Structures are given as structure tokens and as C-alpha cells.
Amino acid sequence: MTEHTFISPTDGNEVFQAKYIPKQKGPPALNAPSMKAYISTFPALGHVTQVDQSTTTFTALLEIDESRSEGPWEVSLWHLESGEWHEAPMEPVTNTSLQPTSLQTSKTSSELHKIYFTTTVPIHLPTSFTIKFRNGADQSWKWVKEHQGVEDGLVTFNTAKSQDTRSNSLGNYVQDLNPILQSENHQSQSPATTLWSVEVPIEAASGEKPAIKDVKFGVPWGYHKFSR
């Protein structure tokens, strides 16, 4: 005996779809690996990096799901120059022998596809920088700060010099150094390190009354010349 199912007109299409059409698979969640794209760089975003030269090579690592690895990905560097932001498109590194063996400690899955990008920019340091990227010219750009919550990076000169070439005057390193301070330079066993001892005369305590003195020191390296 064959069983037949009859759908009356009053049932409409809803009954037919529920019984005979399989439920469609919804779009992937926004946090699914196939929808993710991760950016890491050197010099590092969100950190202060010291370099030895004014012409700096920036490298970016884009990690994406394998299913989207063939897309026309574009990565662009933005850096601050004389108070204005300038763009420098980054080129993909197709030669595997030129790809870095490590960039930054990645928190992503090792199964994600890796694409390296690089650009060499002659810039005046220090400078702030960030990254934007997109998957093709018809797509909108994504800023890494909004996409991953990663703050801008900062690149500065490495001004460390040998012990012999360093000044013996603390006033050369501390702007507006208080003249009442008595400083002395000491040799350090640590490379590229100078030790200083600083003394200031303070009147002795009088009976049970302690002697307290507020002493202005100065500004290390000058005003607006340090990031932290």
C-alpha cells in the first residue's frame, strides 16, 4: 500500500516547503574562520619599535581561510609624516625564500593561509603607522584598528651609542636639569647602558620635625621627545 500526502490549497506553500524542501544553510557566523582575516606586522602594531636607519622596511602578514586565499588581497601602509598621513601600497612577497620565518607570535590557527606583504619607505622618524586591507578593488577597505582593535605602531630611531661616545654631563640628556643637582656618570657592565648617581643637599631634621624638600629634576630627552 502506497502512502500519499495531499496538500490542500489552504495549506499554502509553507507546509510544502517545511515538508519537502530541506532547511537552507545560513551564512557563516562573523567569527567563523572562513570570515576572518588577521594582520600582524613588523615593525609591530601597538608597540614602539627602534630602528637604526631612516629608510624602513615594513612587513605585513595576512592570515586568512584557505578558501579565500586566491582572492586579490590588497594591503596598504599608512604612516604619519609632518603631521599628515601618507599611503604606501604593499606588494605581496611571492618568493618563498624571501618570506620571514617568523613575524610575531600569532594567536590564529596554523591552518590559516599566510600571505606576506612588504614595502620600503624613506621616512623621518619617529612616525606612527597603521594598516588597511581589502579583498579586491570592489570591496571596501578595512582598518586593522577597527577590525582587530590593534592600536597604531610607533617607529623611532635607535639612538644608543657606545660608552666612549656618551656625554659625561647629565644635562645633555635631561632638559632643564636642576642646577643644584650633583650628578656623576658611572661605568656599567651592561652593554649600551650608563649609570648615574644624583645627589642634592637637604637640611638635617630639627628635633622631631623631619626635613622634607621637593626638588625639581628636569625633563628626560626634552619636551615632546618621548612616547612613554
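A: The accessible surface of the protein chain comes to about 16,500 Å² (Shrake-Rupley method, 1.4 Å probe; for residues, only the protein chains shown count as cover). Carbon and sulfur atoms hold 51% of that surface. This is a predicted model: local features need pLDDT of at least 70, side-chain atom pairs count only at pLDDT 80 or more, and totals for chains, interfaces and linings use all residues. Residues are numbered from 1 along each chain as its sequence is written, and side-chain values use heavy atoms, with hydrogens and water left out.

The chain has 228 residues, and 27% of them count as buried (under 20% relative accessible area; exposed is over 50%, partly exposed in between; 1.4 Å probe, protein chains only). It contains 2 helices and 13 strands (DSSP runs numbered from the N terminus: H or I, at least four residues, for helices; E, at least two, for strands).

Now the core. The largest nonpolar core has 23 residues (buried Ala, Val, Leu, Ile, Met, Phe, Trp, Tyr and Cys joined through side-chain atoms within 4.5 Å). Those with the most contacts inside it include Ile39, Trp73, Met90 and Phe117. Strand 1 (37-42), strand 3 (55-64), strand 4 (73-81), strand 5 (84-92), strand 6 (113-122) and strand 7 (127-135) each supply at least two of its residues. Strand 3 gives the largest share, 4 residues.

Take Phe117. Beyond its neighbours within four places in sequence, Phe117 is in contact (heavy atoms within 4.5 Å) with residues including Phe58, Leu62, Trp73, Val75 and Met90.
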